[in-house]
Amino acid sequence: MSEVGTHVASGKVRELYALDDDTLLLTASDRISVFDVVLPTEIPDKGRVLTGISGFWFARTESIVPNHLIRLRPDGRSTECKRLEMLPLECVVRGYLAGSGWKDYKAKGSISGIELPPGLVESDRLPEPIFTPSTKATEGHDETVDHERGVELVGEERYDELERISLSLYRFASAHAAQRGIILVDTKFEFGVDAAGRIVLADEAFTPDSSRFWPADEYEPGGPQPSFDKQPVRDYTEALGWDKTYPGPELPEEVVAQTRARYIEAFERLTELPFDSYLSDPEVVLK
């Protein structure tokens, strides 16, 4: 097996290489994107945070669903993974009204065709977590789909299984995060199918890039909440009056430092491990 492999694809954050017919190498860069535009400034160690947090969750959710992880490499940002046939849905679970879900609720009183109680305010907790998948857009924004469209894309039996697995994963991680003073607001998953036809969790899991986390001690419904993610970058670029098209603006040092600190805080609070211990031995998150 080649150590580097053949370059297959580039994502907003990750590089994908084929090591052999059955194995891929996924390398998380320090690139950061906002409003679907990759910015020219990187956030040091961001890729290692994403890889470490994903490894932590992969090791703890195998009883719910198998995942693609074979091993973490010593660089802390690369994972050897099983090759899968990826499914054409991003599986989103929402436990609170935020982001595009809040916008949909304000406009229609529903999300993905799921009717919600009237009178909810921004950041309210939903009566129950809801499954609101979206298409995987090759360009522009993903589009939320309802049950009918989701069934058209993957079939009814598989759609129902994706919903069950996604909600189970969300409830598991939400309970874990709550014990550590963190609210898991919403999250998204990517799944593939292996050679045996099993659904397998892929890409990343419960990272600040794929999930929205709020500090529980500052939670107050009725407006936006502080979060453990790239909010400083969003706030800075919004304040510039940038038109949200390529190329994006450079980030000043203080915004880079604030954002790096948020990612590392998310790692340490979720895993209860010092980030330096992960840098020394990435496999510590699997134990």
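View 1. A strand here is a DSSP run of E that has at least two residues, and strands are numbered from the N terminus. With that in hand, take I111, which is found in strand β9, covering residues 110-111. Keep in mind for this and every other view that the model is predicted. Is I111 buried or exposed? It's buried, because its relative accessible area is 1% and the cut-off for buried is under 20%. For a sense of distance, pick out P215 as well: I111 and P215 are 104 residues apart in sequence, and their C-alpha atoms are 25 Å apart in space.

**View 2. The open sheet, strand by strand.** This sheet has 5 strands in the order β1-β2-β3-β7-β6, and the pairing is antiparallel. Which strands sit at the edges? Those are β1 (6-10) and β6 (69-72), each of which pairs on one side only. Going from one strand to the next, the twist averages 25 degrees. As background, side chains in a regular strand alternate between the two faces of the sheet.

View 3. β1 and β2 make a hairpin, with 3 residues between them. Their antiparallel pairing runs over 4 bridges, and within this part of the sheet S10 stands opposite E15 of β2. On to the next pair: β2, which spans residues 14-18, meets β3 in the antiparallel sense over 5 bridges. If you want a specific contact to zoom in on, A18 has L24 of β3 as its bridge partner.

**View 4. β7 between two neighbours.** Strand β7 takes in residues 78-82 and is mostly covered, as 4 of its 5 residues are buried. How many bridges join β3 to β7? There are 5, and the two strands run antiparallel. β6 is also joined to β7, by 3 bridges and again antiparallel.

View 5. How many disulfides does the structure hold? The count is 0. C81 is in no disulfide, and the nearest cysteine sulfur, that of C91, is 18 Å away. A disulfide would need the two sulfur atoms within 2.5 Å. Both side chains are out of the way of solvent by the accessibility criterion: C81 is buried at a relative accessible area of 2%, and C91 is buried at 1%.

View 6. The structure has 1 cavity of 30 Å³ or more, and about 90 Å³ of space lies in the largest cavity. Which of the 13 lining residues are closest to its centre? They are R14, L26, T51, T79 and D203. The largest share comes from α1, with 5 residues. By residue type, the lining divides into 4 nonpolar, 6 polar and 3 charged.

**View 7. Positive phi at D203 and E272.** Neither residue of this view is a glycine: D203 has a positive phi of about 65 degrees, and E272 has one of about 55 degrees. D203 lies in the loop between β14 (199-202) and β15 (211-215). It counts as partly exposed because its relative accessibility is 24%. E272 has its place in the loop between α6 and α7 (275-280). What does E272 count as, buried or exposed? At 55% relative accessibility E272 counts as exposed, since the cut-off for that is over 50%.

View 8. Where is P247 found? P247 is in the loop between α5 (231-240) and α6 (253-271).

Terms used. Residues numbered from 1 in each chain as written. Predicted model: local features only at pLDDT ≥ 70, side-chain atom pairs only at ≥ 80, totals over all residues. Heavy atoms only, no water. Buried < 20%, exposed > 50% of the residue type's maximum accessible area, 1.4 Å probe, protein only. 1 Å grid on protein atoms, 1.4 Å probe; cavity = no way out; pocket = protein on both sides within 12 Å on 5 of 7 lines; lining within 4 Å. Points joined across faces, edges and corners; volume = space filled by probe spheres on them. Nonpolar A, V, L, I, M, F, W, Y, C, P; charged D, E, K, R; others polar. Pairing = 2+ DSSP bridges. Axes fitted to C-alpha atoms, helices over the stretch in contact; angles between N-to-C directions.
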